[in-house]
Amino acid sequence: MKNLLKLLRGDNSQEAMAKQYGVTQQTWYSWESGRTTPNNETMLKMEKSFSIPMEVIFFDSFNYKMKLDERGA
């Protein structure tokens, strides 16, 4: 699992979640599959909605970026 969005979505449809965050179902799917990540503003909304830090929701994305930063340092 690339992130926790599928788990956090629960019984809600991707379309319902997409509508809640003002994006298309395809965009939500892309986030859920880990292919892309939301912008910071949307991640902050998710953080508030789910009461979970964005770094936890998108752990793999943040961890991958940290590994790249460490390699460049």
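Mentor: Contact means heavy atoms within 4.5 Å of each other. The model is predicted, so local features need pLDDT of at least 70 and side-chain atom pairs count only at pLDDT 80 or more, while totals for chains, interfaces and linings use all residues. Residues are numbered from 1 along each chain as its sequence is written, and side-chain values use heavy atoms, with hydrogens and water left out.

Trainee: Which helices do the buried residues of H3 pack against?

Mentor: They pack against H1, H2 and H4. The buried residues of H3 are Trp28, Ser30, Trp31 and Glu32. H3 is followed by Gly34, whose phi is positive, near 85 degrees.

Trainee: How many helices and strands are there in the protein?

Mentor: There are 6 helices and 0 strands, and from the N terminus the elements run α-α-α-α-α-α. Helices (H or I, at least four residues) and strands (E, at least two) are DSSP runs, numbered from the N terminus.

Trainee: Why is Trp28 called buried?

Mentor: Buried means under 20% relative accessible area, exposed over 50%, and partly exposed in between, with a 1.4 Å probe and protein chains only. Trp28 has a relative accessible area of 0%, so Trp28 is buried. Tyr21 has 8%, so Tyr21 is buried too. Of the 73 residues of the protein, 27% count as buried.

Trainee: What makes the pair of Tyr21 and Trp28 stacked?

Mentor: Rings of Phe, Tyr and Trp (its six-membered ring) pair if their centres lie within 6.5 Å; planes under 30 degrees apart count as stacked, over 60 as edge-to-face and the rest as tilted. The centres of Tyr21 and Trp28 are 5.8 Å apart and their planes stand at 20 degrees, so the pair is stacked. A search of the whole structure finds 2 aromatic pairs, and ring pairs link Tyr21, Trp28 and Trp31 into a cluster.

Trainee: Which residues make up the largest nonpolar core?

Mentor: A nonpolar core is a set of buried Ala, Val, Leu, Ile, Met, Phe, Trp, Tyr and Cys residues joined through side-chain atoms within 4.5 Å. The largest has 12 residues: Leu5, Met17, Ala18, Tyr21, Trp28, Trp31, Met43, Met46, Phe50, Met54, Ile57 and Phe58. Helix H2 (14-20), helix H3 (25-33), H4 and helix H5 (54-57) each give two or more residues to this core. H4 gives the most, with 3 residues.

Trainee: What does Met46 touch?

Mentor: Leaving out residues up to four places away in sequence, Met46 touches Leu5, Tyr21, Trp28, Trp31, Pro38, Ser51, Ile57 and Phe58.

Trainee: How do you know that the buried residues of H4 lie on the same side?

Mentor: In H4 (residues 40-50), Thr42, Met43, Met46 and Phe50 are buried. They cover an arc of only 100 degrees around the axis, which puts them on the same side of H4. That arc is taken from the directions from the helix axis to the C-beta atoms. An α-helix has 3.6 residues a turn, so residues three or four places apart point the same way. The face of H4 turned away from its buried side carries the exposed residues Asn40, Glu41 and Lys48.

Trainee: What is found at the start of H4?

Mentor: There, a side-chain oxygen of Asn39 reaches to within 3.3 Å of the backbone nitrogen of Glu41. After H4 comes Ser51, whose phi is positive, near 55 degrees.

Trainee: Why does Asn3 count as buried?

Mentor: Asn3 has 4% relative accessibility, so Asn3 counts as buried. Asn3 is found in the segment before helix H1 (5-9). Not counting residues up to four places away in sequence, Asn3 touches Trp31, Glu32, Gly34, Ile57 and Phe58.

Trainee: What does the side chain of Asn3 reach at 2.5 Å?

Mentor: The side chain of Asn3 reaches the backbone oxygen of Trp31 at that distance. A polar atom of the Asn3 side chain also lies 2.9 Å from the backbone nitrogen of Leu5.

Trainee: What joins the side chains of Gln14 and Glu32?

Mentor: A polar contact of 3.0 Å joins them. The term covers a pair of N or O atoms within 3.5 Å; within protein, one must be able to donate a hydrogen and the other to accept it, and residues adjacent in sequence count only if both atoms are side-chain atoms. Gln14 is found in helix H2, and at 16% relative accessibility Gln14 counts as buried.
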